[in-house]
Amino acid sequence: MSEVTDFIALDVETANADFASICSIGLVHFRSGAVFKSLTILVNPEDEFDALNIGIHGIRPEDVAGKPTMAQVFPAISASLSDVVVIHHSHFDRTAMARAAAKYGAGPLPGIWLDSLRVARRAWPLLNDGGGYGIARLASEFEISFAHHDAAEDARAAGLLMLRAIADTGYGLEDWLKRVDLTISGRDPRRSASAGDPSGVLAGETVVFTGKLEIPRGVAAKAAAGMGCDVADSINKRTTILVVGDQDLRRTKGNEKSSKHRKAEQMIDAGVPIRIVGESDFMLMVGQAAFDEATLTHPETVSPPSDSSRIRELVIELAPEASRINDLVERIKLLKRSGDYSAALDLLLAEIESQERVSVEQKCGVAPWYYEQAAIIYRKLDAPHAEIGILERFAQQRHAPGVGPGELLLRLQKAKSRLTT
């Protein structure tokens, strides 16, 4: 098995149907085949929030008020992902990151991206049963517990699925970077019908496979065809060999044989000359050279990304302004929890003054979180006129995209109603 290389798994959530409206990023650093570090970043998408998206991930405009934008976050993420294999599940996450990068003029995406959904289609073709290769279905299949639509949790699940695919197939991470570019047949992956080489030593034999094989069924079928066997998908009078997985051939009483196995036994009883052989015996019949030839499509190990053996630690350092806002929000929350409402109000009102000044200078919107928190504190202090005043103050401001005055106007109406009753 190829050596497992460290990687970072990534997942994003968006505020609406626009892929560029990223409101949360989950990053999980896998080192030596295990989770090393996990991080969730809430992002102000500067865009509207759709109720459908909120219903999926639970993130609301007020949750990202005061949080950094992608313009502030992207440089830090870009530095962390440079020269790193980035695992993501489905095209959505990579496309969203690319769209957000383009929106803010951040340039091309860093890293070497590998879609674990494309890996899954190739690693587990027998799961192509109509249930799809979504991360929830695969996590259930492989008993991976996670909280779906939490960005860091989804990223962790994608990384664990990548490790499972490596373990199940024997292809390392570097191999998969090339394998995902190989085409997948449009037909049912479980079907392997093909004509045999008429000059092969087993020409004239018709083989059918059933049960769980240790080698990929496509490889077994190609090896058989190379040695002259016609490969069929179903048992009929032309069948001469039924190859059964070794474990299935040794099933004990109480375990049901496959329908192909049972049908072959019935036909044998009726006089049809079918031989039932185990996988190991079949490999001996065909010969190692045929299997070597059939597996030549296994890619050569590709060169690893530069410095891939020394993947950078996952350290997200936000721009100074974003860091200041994060610290301010946490400090205000701490003061509220401790009951120091006066100090919390001082910080809130100072930030409100600053945001309103910048709003006028730069013609940008203000974030509602600070007004809302001030209103909540005034309500706790039983100061209804102050509560109404701060909410009316917000209503008069320019509002940032995606954080319209709707909820705060409703709070204002309720505050006025309480004052008149």
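Before we start, a word on "buried": a residue is buried at under 20% relative accessible area, exposed at over 50%, and partly exposed in between, using a 1.4 Å probe and protein chains only. Helices (H or I, at least four residues) and strands (E, at least two) are DSSP runs, numbered from the N terminus.

The model is predicted, so to speak of a local feature takes pLDDT of at least 70 and a side-chain atom pair counts only at pLDDT 80 or more, while totals for chains, interfaces and linings use all residues. Residues are numbered from 1 along each chain as its sequence is written, and side-chain values use heavy atoms, with hydrogens and water left out.

**Exercise 1. Is strand β1 enclosed or open to the outside, and how many of its residues are buried?**

Step 1: Count the buried residues. Eight of the eight in β1 qualify, so the strand is largely enclosed by the rest of the structure.

Step 2: Sort the side chains by direction. F7, A9, D11 and E13 point one way, whereas I8, L10, V12 and T14 point the other way, and all are buried. In general, side chains of a regular strand alternate between the two faces of the sheet.

**Exercise 2. In what order do the five strands of the open sheet stand?**

Step 1: Follow the partners of β1. Eight bridges join β1 to β2, and the two run antiparallel; V12 has I25 in β2 as its bridge partner. With β4, β1 pairs in the parallel sense over two bridges, and here A9 stands opposite I87.

Step 2: Go on to β5. Four bridges join it to β4 in a parallel run, with V85 opposite I112 in β5.

Step 3: Write the order: β3-β2-β1-β4-β5, with mixed pairing. The edge strands, each pairing on one side only, are β3 (34-42) and β5 (112-115).

**Exercise 3. How are helices α15 and α16 directed, roughly parallel or roughly antiparallel?**

Step 1: Read the geometry. Axes are lines fitted to C-alpha atoms, for helices over the stretch in contact, and angles run from 0 to 180 degrees between N-to-C directions. Helix α15 (residues 341-362) and helix α16 (residues 369-380) pack at about 150°, with axes 9 Å apart.

Step 2: Apply the cut-offs: under 35 degrees is roughly parallel, over 145 roughly antiparallel, 65 to 115 roughly perpendicular, and the rest oblique. The two helices are therefore roughly antiparallel to each other.

Step 3: Name some of the residues in the contact. Among them are Y341, L345 and I352 of α15 and W369, Y370 and I377 of α16.

Note on methods: Two strands pair if DSSP finds at least two bridges between them. Contact means heavy atoms within 4.5 Å.
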